[in-house]
4 protein chains.
Amino acid sequence: MRAIKDSVHDYIEVEGVAADLLDTEAFQRLRHVKQLSTVRLVYPSANHTRFEHSLGVYHLARRACRHLDIDGSRAEAVEAAALLHDVGHGPYGHQTEGVIERRLGRHHDDVHDIIATGEVGRVLESHGLDTDAVADRIDGQGRLGQLVSGELDVDRMDYLVRDAHHSGVPYGTIDQGRLLRALRYVDGDLVLAEGNVQSAESLLVARALMNATVYRHHVSRIAGTMLERACERLLDETSLHAEDFARMTDDELLAALRDCPATADAAARLGTRDLYKRACWLELDETPDHVVDATHAELRDLERDVAAAADLHPALVHLDVPGRPSMPESSTRVVVDGDVRRLHEESPLVQGLQAAQDVQWRAGVYAPEPHLDAVADAATATLGLDA
Amino acid sequence: MRAIKDSVHDYIEVEGVAADLLDTEAFQRLRHVKQLSTVRLVYPSANHTRFEHSLGVYHLARRACRHLDIDGSRAEAVEAAALLHDVGHGPYGHQTEGVIERRLGRHHDDVHDIIATGEVGRVLESHGLDTDAVADRIDGQGRLGQLVSGELDVDRMDYLVRDAHHSGVPYGTIDQGRLLRALRYVDGDLVLAEGNVQSAESLLVARALMNATVYRHHVSRIAGTMLERACERLLDETSLHAEDFARMTDDELLAALRDCPATADAAARLGTRDLYKRACWLELDETPDHVVDATHAELRDLERDVAAAADLHPALVHLDVPGRPSMPESSTRVVVDGDVRRLHEESPLVQGLQAAQDVQWRAGVYAPEPHLDAVADAATATLGLDA
Amino acid sequence: MRAIKDSVHDYIEVEGVAADLLDTEAFQRLRHVKQLSTVRLVYPSANHTRFEHSLGVYHLARRACRHLDIDGSRAEAVEAAALLHDVGHGPYGHQTEGVIERRLGRHHDDVHDIIATGEVGRVLESHGLDTDAVADRIDGQGRLGQLVSGELDVDRMDYLVRDAHHSGVPYGTIDQGRLLRALRYVDGDLVLAEGNVQSAESLLVARALMNATVYRHHVSRIAGTMLERACERLLDETSLHAEDFARMTDDELLAALRDCPATADAAARLGTRDLYKRACWLELDETPDHVVDATHAELRDLERDVAAAADLHPALVHLDVPGRPSMPESSTRVVVDGDVRRLHEESPLVQGLQAAQDVQWRAGVYAPEPHLDAVADAATATLGLDA
Amino acid sequence: MRAIKDSVHDYIEVEGVAADLLDTEAFQRLRHVKQLSTVRLVYPSANHTRFEHSLGVYHLARRACRHLDIDGSRAEAVEAAALLHDVGHGPYGHQTEGVIERRLGRHHDDVHDIIATGEVGRVLESHGLDTDAVADRIDGQGRLGQLVSGELDVDRMDYLVRDAHHSGVPYGTIDQGRLLRALRYVDGDLVLAEGNVQSAESLLVARALMNATVYRHHVSRIAGTMLERACERLLDETSLHAEDFARMTDDELLAALRDCPATADAAARLGTRDLYKRACWLELDETPDHVVDATHAELRDLERDVAAAADLHPALVHLDVPGRPSMPESSTRVVVDGDVRRLHEESPLVQGLQAAQDVQWRAGVYAPEPHLDAVADAATATLGLDA
């Protein structure tokens, strides 16, 4: 058994299939994919990677299995899924998700191909595990899949605490021990036992505070948008295959962006934190519905229209419109007076958090500093904003 | 200058009037008044006292003054008020507030007498400070008083973090540095600068999570109610003066309770954690209005009625009815788009927290374990609850 | 199973015999015996008690048993011993050890009587445990006793970390996880496995840094000496039995000292931190051998001689002479190249720590501030110091 | 003023020359140079970079200047030097120091050229700072240079704590507040004030524990040696200029190693943690003097001889011989009884630490796993080891 020192969980004991998965190239690659991608431009100490996060998720999955009396190969499948749950991430994690989905039609949680083949597949099979079953767990399917990917998964129990520890913010601090201890299966669904409405709320509150201060910080969003646009151009203008793109590390991507003339400027700006600025920063009720609900292609068209109206090269205007606010965790199952209920039914606090999401939602129009006024005017006219 | 090591703020530098106040008997007494009174029965490591908390509040007050460019004797008055803000607390802090208010007509924030006389008064005067002005600050009066006692005071910035550190819960973690840095005076009122709605929310969220898990834990409430009833009996049945009672330490009170035959049983139960249990635990909408809004005297009458109906000695039934939920912090002032607004106007999350308070509110009827059924029946009949 | 939140170990799961012992009066008394007695006069946030420390030691004992494959009633005996290891402590812990030993001829680790009788004895027997065997474990006897009281015991693994957490100093931080994982039995002796010389050293280093900054801080030593002298007088001049004295809590002792005319001054001084000061502070090589090696009775005689020479009441001079430096942990057993060795044989660092102890050793002569010069002169003449 | 959130110091306020230096390319490059290079292969969460470390050193330098009453442009020079102290580091920090010194004859503390030219030079000059004077501070020259680079510098006060926080080990925890507060200048030398021998010792102890568990972990040393050899080959076999090499980031270096046929194997091994293993691991007294004291060139010759004797390609044998143990911090100046003394004169603990260094010293001979026995035999014969 190997014991790995971790900044969050102290020692993580790795054994069985996990010990063999550790040394695969697909897993070691996660050392080079940062957990918080562009957030480090705002919180310089947030340089932790999906490698140690995945170890942490594996650790919590083991504790959960032990608590829930899941053992043998069922536990091994959950532990393998926990360890591998992020191998489907492209470089810069969530920032390239959209690109990869549009090019490959595949979500980062769909890792059936990655883990069925090569080294990872061989390791899983050598431990008698069905690769499809493990991939299903990662995708949140089935009773046990909920532990790995669901409203109450060990993924978020790790990242909230880890992201806080490394960024230095005092939020994200949840009571992992209590949450794990409160997990139960009722009719095949993962729920929190009686008396844990507040434990469930604390998870959502931690998430909401981390969203507001860390995950959705506007500087990180601007950098992320610049990165995503640059990735699109890179794939459009070079012979790079989307599959190869999806398997890059953060730095391989940055190097590729630097080497491609069409993206060299974006790469340099990201490298020295010389980012675009906000020409507009729109609240939900200021933003026309056709913009909020636009498809990716429609947004790119609008972007080009704004650039044209401002008489600028299209690459100089970025439109950043998140989807309508949603909060899947609000449907967490909790036992209240003996019945399984959805958290949002029980918790006015969760309803408040949902309403707060609407208030905090922002769409942005970004451009280089000298063009901010021109782009703001063009966006106002083109998008039909109130002047 | 003296530097005192602290578990929360690392080093606290004490100088000027504060250094002289440190050695007064009134201040040293706070070493023997625990910050969280009966909470230690649930969270055994929560043994910190109002002494180190007061040092922490003083430390934050100094930082706030420096940030707000308050200096000279105005700063000294704020610092003295911060250091002394808890000297008005009786033994077991908030648990004896009601007793003291009813007997002496004085709230713990009213310390005009305590600090005008004796050693403390002499020290303040020797530093050219007006004792009434310092007492006014402690009472939250005036522009500078808001720093010491108000919705944005340094008191709660210290205790949320300190109570979490010593109890071991992961909540209560606020961003003191950001909050202090965001303080401003606008038209004489203390406000948070533009861009800090979420900072303000995080303070309320921390408070709400600490309420739910620590401050209002039912075991602590039961012990606190037992203690309060015992204090009333002690004052009724002995020659102890209320003023002397109010100046006791935690352990002097416990010793007095042990020595008085009418309270010896309660003292023994508190000493060995052999507490009453919940016969009823009522939600707000289950509790008749005449109970929720009853005065202290009316509640004592109801308590006696329940005991009589259960054929028990009155001391064996405790009725614990908190006031209707309120959340003064929700009126925190924040600058939004250049205007000073109240937080609850801006924040749907705060509205959610307020609604959650209603849901979490509980009234309790407590009794020794063997009598629980009898007391539950008697309470149902006497208080007019739904059976 | 009960899970108790702890500031050091997060959740401590209490079950079996430990759950029943928790509610005994002998164990609940530890809530009122502070872990660091007079140290809180220097480090105000160090108010933690032997209650939560004992829970922590129990927690580490469980982890050690699991790691060492000790189970069944053998494990229960170790766990009970870990939980109860401090019930023999008098008020103010180590500060009254000497008094109790001299009056009762019993060391605090000798708890055969306490746990054989009353509630504790009944609980142990009801779980099929032999009370003498448990008491032997507490005394460090036998193979399993080494876990509870020995060079590698879980007692110090808890207190080093806990004392640091609550006092706020950055020392005392040992790697509990690694130490527990490295425990082995070789020929019936508890040792650290191959490759752990540095783990063992880190334990001694942590202890040495805590000694220097916390445990042996001169202010705490002065207060402790004042307390010990006051206890002797209290027992001499009142009808208090030594057995009753030994079972007091910290605050019962303080109250008794306040009530006794002969000790009221000491009690008041301790209460307001108005302590004696150092008239002399002597290094080991400045202190005559007959003083370093004096018995308690001889020291008291010397003390009286110094007071007489200074023309002062004997109670105004305190002589504080620790024993010659020793470091039992230096004989910790470690496996090196396959052989069990004693740490001091392997570690030049430990030899350095031992030498440092000699350098840091101090004897003190204490007196009230106005008499410092007179006492210094008298001590120089009486003790035969170099002027 | 900008306030940057940091995982160690909470908020770091950046202003004046530092704010302008922040955005220079030379400084932003440090985001891509990890603080602990190959250590992350052992401690996966240790991914922090020299960027945030440099901010931390700047922060401590400001605090030290304020404490020492250094202000105006003298303080600005110290703060600039603190911020820039690591811009001379090549990729992978200390692991490429030797390569750069041999190729460019320049130590990483010699940054006169780097900061005299380009953006950094222009920023310094625009704030009226002499670039040579700032470079001298970084090199430890002069009274103020000791703060930036010396036995008591703020560099080590930051990294010990930061490296511990991010790797997760409980060592490295020093009392920054006390150390800063104890700094004094006596006759132009930076010293620790009276009463701080133990503070000074704690710094050395922290360093020694971090050396043993983190900085000199054998896995990190193996990876570092592989990297250094690969860098030599890269420079030998490609047209890469040493100056360009020295300005690479970690990932640019890894990419270059992957692209060069002569180093592709090493790059792949480092990428997947498939490292050489220890064929020999020699204590100081097992290692012949001519090996311990060999020059770099002599060691390379010996390495080739061992490979030849084992009939292997020279790149398959690595000889890793650290210099003789030294401990510059042991000459830290401390005031003892009014005189400035060197720590090692006063502290037997430091003498123990020095002796422990000799005991912990190891030389390694590394090779791919299949060749370990052959290489061990060849090394024994070739280096003249005892079989």
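The legends below describe close-up views of a predicted model. Local features are reported at pLDDT of at least 70 and side-chain atom pairs only at pLDDT 80 or more, whereas totals for chains, interfaces and linings use all residues. Residues are numbered from 1 along each chain as its sequence is written, with chains lettered from A and ligands numbered from 1 in the order in which they are written.

View 1. UniProt, in an unreviewed entry, lists residues 50-160 of chain A as "domain: HD"; positions follow the numbering used here, the feature name is shortened, and annotations may be inferred rather than shown by experiment. This stretch of chain A is 68% helix and 0% strand, where helices (H or I, at least four residues) and strands (E, at least two) are DSSP runs numbered from the N terminus.

**View 2. Packing of helices H13 and H16 in chain A.** Helix H13 (residues 218-237) of chain A packs on helix H16 (residues 264-272) of chain A at about 155°, with 10 Å between the axes. Axes are lines fitted to C-alpha atoms, for helices over the stretch in contact, and angles run from 0 to 180 degrees between N-to-C directions. H13(A) and H16(A) are therefore roughly antiparallel (angle over 145 degrees). Ala223(A), Met226(A), Leu227(A) and Ala230(A) of H13(A) meet Ala266(A), Ala267(A), Arg269(A) and Leu270(A) of H16(A); contact requires C-beta atoms, placed from the backbone, to lie within 7 Å. The residues of this contact comprise 7 nonpolar, no polar and 1 charged. In this classification, Ala, Val, Leu, Ile, Met, Phe, Trp, Tyr, Cys and Pro are nonpolar, Asp, Glu, Lys and Arg are charged, and the others, Gly among them, are polar.

**View 3. The contact between chains D and B.** In this interface, 5 residues of chain D are in contact with 5 residues of chain B. Strand S2 (10-14) and helix H11 (176-182) of chain D each supply at least two residues of the side that touches chain B. That side of chain D consists of 2 nonpolar, 1 polar and 2 charged residues.

View 4. Of the contact residues of chain D, 100% recur in chain B.

Key:
Contact = placed C-beta atoms within 7 Å. Parallel < 35°, antiparallel > 145°, perpendicular 65-115°, else oblique.
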